[in-house]
Amino acid sequence: MVIALSDLQKLKHESSGEARAEVAQKVASDFAQGKFSSSEKQIAVEIFRLLLNDAEIQVRKMLSEQLSHSMDAPHDIIFKLAKDVTEVAVHVLADSYVLSEDDLIEITNSTQDVTVMSTIARRETVSRELSEALLTKSNATVIETLLRNKSASIDEKGLDKIYSACTGNHSVLELMVKRGGLSVTLAEKLFVAVSDEMKKVLTQQYKLPMQVAEETTKDVREFATLGLVDTDMRTMDIAKLVGQLYLQGRLTLSMIIRSLCLGDMRFFEHAMAKLADVPVTNAQLLVLDQSVHGFESLYRTSCLPMELYEATHYLLKIALEETSYGRYQRNDFRQRLANRLSHDDSARKIDYMDYLVTLIQNQNNTHDAAAAV
């Protein structure tokens, strides 16, 4: 196959974009099909480099379409096409294996174009690192596309990130359930947020008896909420979360006790401040004040049941000690709390401590029961 002189003349003299697109299609198609000799390939590549600068989108689009499946196309040409306008770029972004993973991550990081990112998310192979780059953009459309791609590698951290970013997006949550591969903890979080049909899927996939799952819905929902609070969460965001829970009637005693059981002093302080209707700075000082009239005054003002005060105060004392007075959370906090309770005879004499211990046990069961089934 010989590159026709007439084609080269068209590229040089033809003013019509359609005519140049026709030449681009012909030359690129023959190149991709391996019809050229070595010398002809070199000429074709120079033609492609000229066409990369063509003002007509349809010319560059035709080039992208024809070279998208060619493994012989030079990297610089494919990469430039991949960074062209969306209409041009999508063809090589979807199919070209000349593009490396680093190329695709670079393009993902540098764009906000949903079509471009979704095209990358649909590729035949999407690595964990590329998935992570796509998820960082927190775009629901891109996330849905990635979840539908069974060949996309999404690790547990990535799935947790999706859940955190799309808690209120039922379409995304449903796709997560259908995709599978969830940790038991994440499956439990999803259980309270999805439809009854998806609940059945979760109970079947993770062998959770429906009756048990239904009975623990409230527990899971509270822990799912508390699970949103991490060490990187801004104080203003914690205040907003607590405010929303208060308005929804969900800032319950059990949730407040569970925050202590997790060693989450920031949530506990904001919750007590909201219930007592005092500035959080005041609540923080009173929480740290272990004198007779310190925390007790805050607790009374919060209108929580006074019969549970002594038991709550005991848990607070342990939480403060085990978190170095709220400065950090230990990874094994729950185990340390359980050990102290089991070895402290005085704790058993505190009124209603058995009720609070039940809440702690329910916390462990919520996370661990499914794994034991």
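Asn149 sits in the loop that joins α10 (140–148) to α11, where helices (H or I, at least four residues) and strands (E, at least two) are DSSP runs numbered from the N terminus. The model is a predicted one, in which local features need pLDDT of at least 70 and side-chain atom pairs count only at pLDDT 80 or more, while totals for chains, interfaces and linings use all residues. Residues are numbered from 1 along each chain as its sequence is written, and side-chain values use heavy atoms, with hydrogens and water left out. With a relative accessible area of 11%, Asn149 is buried; buried means under 20% relative accessible area, exposed over 50%, and partly exposed in between (1.4 Å probe, protein chains only). Beyond residues up to four places away in sequence, Asn149 touches Ala121, Arg122, Arg123, Val126 and Arg179, a contact being heavy atoms within 4.5 Å. Arg122 is 27 residues from Asn149 along the chain, and the C-alpha atoms of the two are separated by 6.0 Å.

The chain contains 25 helices and zero strands. It has 373 residues, of which 47% count as buried. Of the contacts between residues at least 6 apart in sequence, 60% join residues at least 24 apart.

Confidence in the model is described by pLDDT, the predictor's confidence in each residue, from 0 to 100. The average over the chain is 81, and 81% of the residues score at least 70. Over residues 209–213 the pLDDT stays under 50, and the model gives this stretch seven contacts beyond four places in sequence. Residues 364–373 also have pLDDT below 50, with 17 contacts in the model beyond near neighbours in sequence. Where pLDDT is low, the predicted coordinates should not be read in detail.

Empty space inside the model was examined next. Rolling a probe the size of a water molecule over the atoms shows where empty space is left. On a 1 Å grid over the protein atoms alone, a cavity is a set of points where a 1.4 Å probe fits but cannot get out, and its lining residues have an atom within 4 Å of a point. Grid points are joined across faces, edges and corners, and a volume is the space filled by probe spheres set on the points. Two cavities of 30 Å³ or more are present in the structure, and the largest cavity holds about 80 Å³ of space. Its lining is made up of Arg128, Ser131, Glu132, Leu135, Ser153, Ile154, Asp155, Lys157, Gly158 and Lys161. Two or more lining residues come from each of α9 (128–136) and α11 (156–165), with α9 giving the largest share, four residues. By type, the lining of the largest cavity divides into two nonpolar, three polar and five charged residues. In this grouping Ala, Val, Leu, Ile, Met, Phe, Trp, Tyr, Cys and Pro count as nonpolar, Asp, Glu, Lys and Arg as charged, and the others, Gly among them, as polar.

In α6 (residues 86–95), the residues Val88, Ala89, Val90, Val92 and Leu93 are buried. The buried residues of α6 pack against α4 (57–67), α5 (75–82), α7 (101–109) and α8 (114–121). In α23 (residues 333–343), the buried residues are Phe333, Leu337 and Leu341. Viewed down the axis of α23, these residues fall within an arc of 65 degrees, so they line one face of the helix; the arc is that of the directions from the helix axis to the C-beta atoms.

Apart from neighbours within four places in sequence, His270 is in contact with Thr235, Ile238, Ala239, Val242 and Val280.

Most residues other than glycine have a negative phi. Asp277, in the loop between α19 and α20 (280–288), has a positive phi near 55 degrees and is exposed, with a relative accessible area of 71%. Cys303 lies in the loop between α21 (295–302) and α22 (309–322). The phi of Cys303 is positive, about 70 degrees, and Cys303 is exposed, at 68% relative accessible area.

Note on methods
1 Å grid on protein atoms, 1.4 Å probe; cavity = no way out; pocket = protein on both sides within 12 Å on 5 of 7 lines; lining within 4 Å.
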